[in-house]
Amino acid sequence: MATPEFIRDLRSSIGRQLLWLPGVTAVVFDDEGRVLLGKRADTGGWSVIGGIPEPGEQPAETAVREVYEETAVRVVPEGVVLVEAMPPTRYPNGDVCQFMDVTLRCRAVGGRARVNDDESLEVGWFAMDALPELDTYALTRIHRAVAAGPTWFHGMAEED
């Protein structure tokens, strides 16, 4: 994930200390019920699409922008899947971030899935019974988006 300029500016003042940031994840489905995934350039693993909102940008706008920037697919956000504070992450350069993730279920409405920037090595549509290896983060979001229940909040109404 490319670091937005406003975060680079903040880092020049605060150094590597913990930075609390919003994050938006988009779980995108097509009309066949397949999910859109990207193979990340930074980790080499498959995942759902996501990113950091620009200052003042609404989460739904972030989802639409990030999905298009990374995959060339046009989407319409349909609902909030979950809201969750993630554990802190330490990056190889020593920066520490903690994200408040808002995950949105989105419907593809146009475009053709392809690598559209330098953040992905591959992108593609996957049937639910043919998903590539995914980490818990991505699997949780996909399964909660498929369930189409009420918004899930960590620590509320069920055990982890």
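What is the volume of the second largest pocket? About 200 Å³. Before I go on, this is a predicted model, in which local features need pLDDT of at least 70, side-chain atom pairs count only at pLDDT 80 or more, and totals for chains, interfaces and linings use all residues. Residues are numbered from 1 along each chain as its sequence is written, and side-chain values use heavy atoms, with hydrogens and water left out.

Let's stay with the pocket. A pocket here is an open set of points on a 1 Å grid over the protein atoms alone, where a 1.4 Å probe fits, with protein on both sides within 12 Å along at least five of seven lines; lining residues have an atom within 4 Å of a point. The volume is the space filled by probe spheres set on the points, which are joined across faces, edges and corners.

Who lines this pocket? The residues include Glu-78, Arg-105, Arg-144, Pro-150 and Trp-152. Strand S5 (73–85) and helix H3 (136–147) are the elements that give two or more residues each. S5 gives the most, with four. Helices (H or I, at least four residues) and strands (E, at least two) are DSSP runs, numbered from the N terminus. By type, the lining has seven nonpolar, two polar and three charged residues. Gly counts as polar in that scheme; Asp, Glu, Lys and Arg are charged; Ala, Val, Leu, Ile, Met, Phe, Trp, Tyr, Cys and Pro are nonpolar.

Next, Asp-101. Where does it sit? In strand S7 (96–111). Asp-101 is buried, at 2% relative accessible area. Buried means under 20%, exposed over 50%, partly exposed in between, with a 1.4 Å probe and protein chains only. Its side chain makes a polar contact of 3.2 Å with the side chain of Tyr-137. That term means a pair of N or O atoms within 3.5 Å; within protein, one must be able to donate a hydrogen and the other to accept it, and residues adjacent in sequence count only if both atoms are side-chain atoms. Beyond four places in sequence, Asp-101 also touches Leu-82, Glu-84 and Arg-141, among others. Contact means heavy atoms within 4.5 Å.

Now two alanines. Ala-72 is in the loop between helix H2 (59–71) and S5. Ala-72 is not a glycine, yet has a positive phi of about 65 degrees. Ala-72 is buried, at 6%. Ala-113 is in the loop between S7 and strand S8 (120–126). Ala-113 is partly exposed, at 25%. Its contacts include Leu-36, Thr-71 and Trp-125. Ala-113 and Trp-125 are twelve residues apart in sequence, and 7.7 Å apart C-alpha to C-alpha.
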